[in-house]
Each structure stands twice: as C-alpha cells, then as structure tokens.
Amino acid sequence: MTQIIALHGDFATPTMLQRDMGDLSELVDIFFDARKWLRFDAAMGRLTSLVQSLSEPPIVIGYSRGGSAIARLSELVELRAAVVYESPVIDSEGVGGSFPVLVIWNDCGAKIKRPGQARVAEEIWSASHPVTQLQGVGRHVKRDPLGHGWDCGLNPQIREWITQKSQPARHHPA
C-alpha cells in the first residue's frame with residue numbers, strides 16, 4: 001500500500017500542518033518532523049533514509065519549504081506522486097523523476113508575492129512531469145492561529161487526485 005508523507009513549511013511543525021490540512025490529514029501516514037527546516041541538509045538526510053526504508057515509493061505532500069524539499073528529494077529517491085502547495089523550487093538544482101505532480105498556489109499567496117519563484121517552479125515541474133494545477137483561496141500563512149495557508153475547500157479535489165495516483169497502474173493487453 002502506498003504511504004503518504006506530509007512535509008510542513010519553514011518554522012512550522014508537523015502538528016500545525018496536520019491541523020491546517022483539515023480532514024485531508026486522515027490520508028497521511030507520516031507527518032515528517034523536519035524540525036522547522038532549521039538544518040535543511042540534516043532534515044533531508046533523515047527524510048531520504050525514511051523514504052528508502054519504505055517498501056514502495058511514497059506520495060509526498062509538501063507545503064512551502066516542504067514542497068521545495070520534495071524537489072530535492074526527487075533527485076535522490078523514487079517518488080510515486082507529489083502535491084506541492086505554495087512551493088517554490090529552491091534548495092535544489094531541479095527535479096528528478098517523471099511522477100505526476102499537483103501544483104497549488106493560493107490567490108493571495110506566494111505566487112503573488114514571489115511571482116518569479118512561482119513561474120520557475122511551474123516551468124521546472126512541467127518540463128519533465130505531468131502537472132495538474134489548482135488555485136486555492138487565501139494567503140501563504142494563516143495568522144490566527146499561526147500556520148499554513150491551506151485552503152481546505154480544495155480538499156475533495158486533492159483527495160481525489162491522491163486517490164487516483166495511489167491506485168496500481170492498469171496494464172492493458174496488447
């Protein structure tokens with residue numbers, strides 16, 4: 001069975017991401033603790049080891065720096081699919097693999113504040129991956145309580161996309 005790993009944003013915690021994702025968090029098997037991404041390389045080492053210990057490639061969900069970490073992770077290990085929410089591609093030279101990617105930007109989020117980073121991320125992912133895009137509502141960060149600007153109104157669409165990607169590939173007879 002495909003494992004689902006979620007990666008929080010900068011200065012956040014797994015508990016914050018779990019709360020901010022709402023009911024979609026029920027799909028997640030592991031909320032990885034990157035310890036606020038303060039030591040990015042150390043966190044990536046632990047994450048890479050975790051993924052290598054799994055029996056099959058996981059689906060990875062990342063918000064902000066967590067999504068950027070997916071880009072780096074994809075250069076090191078095989079992934080089944082990825083959801084990158086409000087995530088530029090930094091800390092990485094590019095992306096590896098050719099797995100499907102769901103890219104989400106909020107209407108008042110990082111794409112508005114850092115349009116160049118958003119454009120580059122979209123170009124990098126779509127150059128070698130099948131990309132689906134969604135637009136959420138809200139800012140990059142929620143203020144009360146402080147956390148990820150996850151638009152839970154998108155959860156049914158995200159859930160459907162993840163469910164489709166977690167199904168075994170169908171082989172058609174020749």
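Ser-64 touches Gly-9, Tyr-85, Glu-86, Ser-87, Pro-88 and His-140, leaving aside residues up to four places away in sequence (a contact being heavy atoms within 4.5 Å). This is a predicted model, so local features need pLDDT of at least 70 and side-chain atom pairs count only at pLDDT 80 or more, while totals for chains, interfaces and linings use all residues. Residues are numbered from 1 along each chain as its sequence is written, and side-chain values use heavy atoms, with hydrogens and water left out.

Ser-64 sits in the loop between strand E3 (59-63) and H3 (helices, H or I of at least four residues, and strands, E of at least two, are DSSP runs numbered from the N terminus). With a relative accessible area of 11%, Ser-64 is buried (under 20%; exposed is over 50% and partly exposed in between, for a 1.4 Å probe and protein chains only).

Now for the largest pocket, which has a volume of about 280 Å³. Of its 18 lining residues, Gly-9, Asp-10, Ser-64, His-140 and Val-141 are the closest to its centre. On a 1 Å grid over the protein atoms alone, a pocket is an open set of points where a 1.4 Å probe fits, with protein on both sides within 12 Å along at least five of seven lines, and lining residues have an atom within 4 Å of a point; the volume is the space filled by probe spheres set on the points, which are joined across faces, edges and corners. Helix H3 (65-74) and strand E8 (146-148) each supply at least two lining residues, and E8 gives the most, with three.

Gly-153, in the loop between E8 and helix H6 (155-166), is exposed, at 58% relative accessible area.
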